[in-house]
Amino acid sequence: MHDLILLVVGFVVAFIGTMSGGGAGILALFTLIAFGMPINQAIATNKFGDFGFFLPAVRNFIKAKQIKKKALPAIIIINVVGATIGTLMIAHFNTAIFRKVVAVILVVIIIACLRKKEYALKERPPHWYWPFIYFGTSISAGAVGAGTGILSTMTLMYARGFTALEAMANSFYANVFGSTLSVGILLFTHLIN
């Protein structure tokens with residue numbers, strides 16, 4: 001029965017996550033924790049499951065010409081470094097401490113998602129501080145995964161000045177690199193169930 005529930009939740013999460021640019025992984029993470037999986041292992045397993053929907057989404061964004069090629073190298077580098085630091089936190093933090101860190105990150109995600117702001121419909125000049133905020137969201141993505149896609153998208157939209165679609169496209173593209181490295185580290189540490 002657990003496998004059937006996980007299959008249904010996984011499908012719903014992938015569907016919603018691909019459409020919204022992130023945030024749906026929280027449902028999968030809470031489901032894994034509810035089934036008694038330790039938080040480090042639940043996050044690692046959830047990140048492995050999320051890995052599958054990045055490539056098809058990126059393919060669609062490339063076809064729609066939403067990737068900003070000039071900005072992409074900086075976005076990828078920040079994402080990979082931040083995701084690596086966050087992933088190493090999963091493997092090396094004490095579970096009790098890590099549970100508190102995850103709780104704080106999830107509260108920040110929920111507050112950010114509840115803020116009522118109009119999505120950007122046209123590009124704006126970037127703010128000077130966008131790399132620092134994006135680096136923080138990349139660390140969160142590496143450490144938690146679930147729900148942090150929406151933070152990355154919002155950061156690229158409001159701080160970097162992308163439209164909503166461009167922000168989602170570039171966030172997904174960078175996440176292919178960060179998630180590949182993250183899943184490799186998690187496979188090596190045997191945290192993925």
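A residue counts as buried under 20% relative accessible area, as exposed over 50%, and as partly exposed in between, with a 1.4 Å probe and protein chains only. Keep that in mind for the views below.

This is a predicted model, in which local features need pLDDT of at least 70 and side-chain atom pairs count only at pLDDT 80 or more, while totals for chains, interfaces and linings use all residues. Residues are numbered from 1 along each chain as its sequence is written, and side-chain values use heavy atoms, with hydrogens and water left out.

**View 1. The whole chain, to get your bearings.**
The chain has eight helices and zero strands; helices (H or I, at least four residues) and strands (E, at least two) are DSSP runs, numbered from the N terminus. Of its 193 residues, 50% count as buried. Contact here means heavy atoms within 4.5 Å. Among contacts with a separation of 6 or more, 80% join residues 24 or more positions apart.

Leaving aside neighbours within four places in sequence, Tyr-173 is in contact with Val-58, Ile-62, Ile-67, Leu-72 and Ile-76. Look also for Arg-59: it lies 114 residues from Tyr-173 in sequence, with 9.0 Å between their C-alpha atoms.

**View 2. Lys-68, in the loop between α3 and α4.**
The loop that holds Lys-68 comes between α3 (39-63) and α4. Lys-68 has 25% relative accessibility and so counts as partly exposed. Not counting residues up to four places away in sequence, Lys-68 touches Glu-123, Phe-162, Glu-166 and Asn-170. The C-alpha atoms of Lys-68 and Asn-170 are separated by 6.9 Å, although the two residues are 102 apart along the chain.

**View 3. Helix α4 from end to end.**
Helix α4 covers residues 72-92, and at 1.5 Å a residue its 21 residues should span 30 Å, which agrees with the 30 Å between its end C-alpha atoms. The expected span is 1.5 Å times one less than the number of residues. Buried residues of α4 include Leu-72, Ile-75, Asn-79, Gly-82 and Met-89.

**View 4. Helix α4 against helix α8.**
The axes of α4 and α8 (residues 164-188) come within 8 Å and cross at roughly 30°. Axes are lines fitted to C-alpha atoms, for helices over the stretch in contact, and angles run from 0 to 180 degrees between N-to-C directions. Among the residues making this contact are Leu-72 and Ile-76 of α4 and Asn-170 and Tyr-173 of α8. The contact residues divide into 13 nonpolar, seven polar and no charged. Ala, Val, Leu, Ile, Met, Phe, Trp, Tyr, Cys and Pro count as nonpolar, Asp, Glu, Lys and Arg as charged, and the others, Gly among them, as polar.

**View 5. Helix α4 against helix α6.**
How do α4 and α6 (residues 130-143) cross? Their axes come within 6 Å and cross at roughly 40°. That makes α4 oblique to α6; angles under 35 degrees count as roughly parallel, over 145 as roughly antiparallel, 65 to 115 as roughly perpendicular and the rest as oblique. Residues in the contact include Ala-74 and Val-81 of α4 and Trp-130 and Tyr-134 of α6. Here the division is 14 nonpolar, six polar and no charged.

**View 6. Helix α7, mostly covered.**
In helix α7 (residues 148-158), ten of the eleven residues are buried. Thr-148, Leu-151 and Met-157 are among them.
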